[in-house]
Amino acid sequence: MTTTPGGMPAHELLAIYRAMVLIRQFEEQVRRLAAAGVIPGLVHLCAGQEATAVGICAALAPDDVIASSHRGHGHCLAKGASADRLMAEILGRQAGYCRGRSGSLHVSDAATYNLGTNGIVGGGVPLATGAALSAKVRGTKQVAVCFFGDGALNQGIVFEAMNMAAIWALPVLFVCENNGYGEYTAIADVAAGRSLTGRGEVFDIPSPMIDGMDIVAVHDAARIAVERARGGSGPSFLVCNTWRYGGHHAGDKQGYKDRDEIAAWEAKDPILRLARELVAAGVADRAALDAIGRDVASEVKAAVDFARASPEPDIADLRSQVFA
Ligand SMILES: Cc1ncc(C[n+]2csc(CCOP(=O)(O)OP(=O)(O)O)c2C)c(N)n1
Ligand SMILES: [Mg+2]
């Protein structure tokens, strides 16, 4: 008998496949819109990194909390954001999650327990740790996750948060999406020490190194970490090795990368990998996967239409939603 990838039920595998395809196609549309000059500011695309967003979020309950990074569209979608309202926000439109005020870099949504994308490198780490402290004090059994890049591993606040989380056994997952670069600089040129996982181990936090292009591996590690956190045993630090196809921001020509390195990572594409595994296990055939792709394409096209049909925020509304 053929076993399914990760021993997961077929409907769950197809759901995570669709979720990754949605992120990939969503980001492709954002890239096109950015190239056409209709998006205010820079956008940082996560195509290539879908397995971390989806693999982690698929292990969470709806009321578990996430805090994202500047490369956060995938985290938002994986946590349940609707493509249309997210696209509207990225385009700075009234129908967006934050009424067009945040754009790509600060979109948040209380309904999906998303504390938001974040323009500050490492900025989501103390937010998620605070959410975990709140959950622990209130006894809600919620878990919090922060997603951050390898570049955040040189930010002091990350270690302050890890220390506090370890001392107080807070229910938080520190998820590093290690794509090998911070802006245009390779991690090896800026991060001292022998291993990235050592940065969690020093606090006695379980710190697995994970193939972030393998959604089954990410999901397995996430399930273990979530169970540990929810059971009161404290934080985990997951270093997921992954790759950003689009460079630092949409339009980055990536002249600082080696061609062989690019080709080697492209061969590990997380969506193609899961597709191969699903076909080999008999969970789906190619035609069924293609149909999912077409279904996602119409969802993303509808999201772009929805966003473009929404007006820009009215200047008369400028001071609403302002607390002080
Ligand atoms: C505190 C802070 N320092 C510097 C910057 C400028 N900056 C924006 S993104 C970035 C690189 C982040 O790299 P990484 O954390 O690896 O995330 P990636 O972009 O690779 O996903 C930097 C330095 C910032 N936004 N915030
Ligand atoms: Mg990086």
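I call a residue buried if 20 or more other C-beta atoms lie within 10 Å of its own, exposed if 12 or fewer, and partly exposed in between, with C-beta atoms placed from the backbone.

**Ground rules.** I am working on a predicted model, where local features need pLDDT of at least 70, side-chain atom pairs count only at pLDDT 80 or more, and totals for chains, interfaces and linings use all residues. Residues are numbered from 1 along each chain as its sequence is written, while chains are lettered from A and ligands numbered from 1 in the order in which they are written.

Entry: Most residues other than glycine have a negative phi. Gln321 has phi near 70 degrees and sits in the segment after helix 11 (286-309). For helices I take DSSP runs of H or I with at least four residues, and for strands runs of E with at least two, numbered from the N terminus. Is Gln321 buried or exposed? Gln321 is exposed, because its count is 9 other C-beta atoms within 10 Å.

Tyr113 has phi near 55 degrees. I found Tyr113 in the loop between helix 4 (83-90) and helix 5 (124-138). Tyr113 has 20 C-beta neighbours inside 10 Å, so I log this residue as buried.

Entry: I traced an open sheet of five strands in the order 1-2-3-7-6, with parallel pairing. Two strands pair here if DSSP finds at least two bridges between them. Strand 1 and strand 6 (209-211) are the edges, each pairing on one side only. The twist averages 25 degrees from one strand to the next; angles run from 0 to 180 degrees between N-to-C directions, and axes are lines fitted to C-alpha atoms, for helices over the stretch in contact.

Helix 8 packs on this sheet and touches strand 3, strand 6 and strand 7 (236-241). I call two residues in contact if their C-beta atoms, placed from the backbone, lie within 7 Å. The direction of helix 8 makes about 170 degrees with that of strand 7.

**Entry: strand 2.** Why do I call strand 2 (residues 144-149) largely enclosed by the rest of the structure? Because six of its six residues are buried. I checked both faces: Ala144, Cys146 and Phe148 are buried on one side, and Val145, Phe147 and Gly149 on the other.

Strand 2 runs parallel to strand 1 (residues 65-67), joined by three bridges, and Ile66 stands opposite Val145. Six bridges join strand 2 to strand 3 (residues 172-178), also in parallel. Across that pair I noted Cys146 with Phe174 as its bridge partner, and Phe148 opposite Cys176.

**Entry: helix 2 on helix 8.** Two packed helices are described by the angle between their axes and the distance between the axes. For helix 2 (residues 50-57) and helix 8 (residues 215-230) I have about 35 degrees and 8 Å. The residues that meet are Ala51, Thr52, Val54, Gly55 and Ile56 from helix 2, and Ile215, Val218, His219 and Ala222 from helix 8. By class, this contact has six nonpolar, three polar and no charged residues. I count Ala, Val, Leu, Ile, Met, Phe, Trp, Tyr, Cys and Pro as nonpolar, Asp, Glu, Lys and Arg as charged, and the others, Gly among them, as polar.

Helix 2 is mostly covered, with eight of its eight residues buried. Glu50 and Cys57 are among them.

**Entry: Pro270.** I found Pro270 in helix 10 (residues 270-280). Pro270 counts as buried because it has 24 C-beta neighbours inside 10 Å. Which residues does Pro270 touch, not counting those up to four places away in sequence? They are Met20, Glu50, Ala51, Met213 and Ile215. Pro270 and Met213 are 57 residues apart in sequence, yet 4.7 Å apart in space, C-alpha to C-alpha.

**Entry: Arg18.** Arg18 is in helix 1 (residues 10-35). I have Arg18 as partly exposed, because 17 other C-beta atoms lie within 10 Å. Leaving out residues up to four places away in sequence, Arg18 touches Ile292 and Val296.

**Entry: ligand 1.** I listed 15 residues around ligand 1, and Arg71, Val121, Gly149, Gly151 and Gly182 come nearest. A residue is near a molecule if its C-beta atom, placed from the backbone, lies within 6 Å of it. The shell has four nonpolar, eight polar and three charged residues.
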